[in-house]
Amino acid sequence: MTFEDLPERANEIPLTDPVVAGDVIDLIIGEADRAGGCLALMVCDSEHRGVQPVLVGEVPEDADPGGLVNLLHAVAPLLHESGGSVLIGRGRAHGTRATDADRAWHEAAIRTCRSAGLTLLGFHVATAEGVLRMPDPLRDAS
């Protein structure tokens, strides 16, 4: 998906569909951000529609997920107040499979969202080869 081929009224589409959520991550994490490593959040409203992307660039592939935890704690009060949710993406240069670092970031996102009472719509890894959706938390997947 590109900005040129967005569906009509894209801002009205909830990001609860895994395909749509992956497309949004693909859109907000560009090639340069993947190459340099990044963290992306899509802050969503109470109906899980994307309202504000947040992108932090130049995040090394082996970076500690503590920055993600801090960012989630920073947006938690706003999301609680509005009833919003969050979609998360991690950009790295290459690969088609999850790495141990991806899994650590994913687990940190699940743990932090759960403890902060945030709705996590999904966690994706975006590389030059494509976008990989990490599994939903076990209690959500069953």
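Hi everyone, let's start with a crossing: helix H3 and helix H4 cross in a right-handed way. Before I go on, please keep in mind that this is a predicted model.

H3 covers residues 66-82 and H4 covers residues 100-116; their axes come within 10 Å, with a crossing angle of roughly 30°. Angles under 35 degrees count as roughly parallel, and therefore H3 and H4 are roughly parallel to each other.

So who meets whom? On the H3 side you'll find Leu 68, Val 69, Leu 72, His 73, Ala 76 and His 80, and they meet Trp 105, Ala 108, Ala 109, Thr 112, Cys 113 and Ala 116 of H4.

Let me pick one of them, Thr 112, which sits in helix H4. Is Thr 112 buried or exposed? Its relative accessible area is 6%, and under 20% counts as buried, so Thr 112 is buried. Setting aside neighbours within four places in sequence, Thr 112 is in contact with Val 69, Leu 72 and His 73.

Now to the nonpolar cores. The largest one has 19 residues, and Leu 68, Leu 72, Val 86, Ile 88, Leu 118 and Phe 123 have the most contacts inside it. Which elements give two or more residues to this core? They are strand S1 (38-44), H3, strand S3 (85-91), H4 and strand S4 (119-127). H3 gives the most, with five residues.

Leu 118 is worth a look on your screen. Not counting residues up to four places away in sequence, Leu 118 touches Leu 72, Ala 76, Leu 79, His 80 and Cys 113. There is also a second, separate core, this one of 13 residues, including Ile 28, Met 42, Cys 44 and Leu 87.

Last stop: Ala 128. You'll find Ala 128 in the loop between S4 and strand S5 (130-133). With a relative accessible area of 54%, Ala 128 is exposed, whereas Thr 112 is buried. Ala 128 still has neighbours: leaving out residues up to four places away in sequence, Ala 128 touches Arg 34, Arg 92, Ala 93 and His 94. And how are Ala 128 and Val 19 placed, 109 residues apart along the chain? Their C-alpha atoms are separated by 18 Å.

To wrap up, remember the right-handed crossing of H3 and H4, and the 19 residues of the largest nonpolar core.

Note on methods. Residues are numbered from 1 along each chain as its sequence is written. This is a predicted model: local features need pLDDT of at least 70, side-chain atom pairs count only at pLDDT 80 or more; totals for chains, interfaces and linings use all residues. Side-chain values use heavy atoms; hydrogens and water are left out. Axes are lines fitted to C-alpha atoms, for helices over the stretch in contact, and angles run from 0 to 180 degrees between N-to-C directions. Helices (H or I, at least four residues) and strands (E, at least two) are DSSP runs, numbered from the N terminus. Angles under 35 degrees count as roughly parallel, over 145 as roughly antiparallel, 65 to 115 as roughly perpendicular and the rest as oblique. A crossing is left-handed if the near helix is turned anticlockwise from the far one by less than a right angle, and right-handed if clockwise. Contact means heavy atoms within 4.5 Å. A nonpolar core is a set of buried Ala, Val, Leu, Ile, Met, Phe, Trp, Tyr and Cys residues joined through side-chain atoms within 4.5 Å. Buried means under 20% relative accessible area, exposed over 50%, partly exposed in between (1.4 Å probe, protein chains only).
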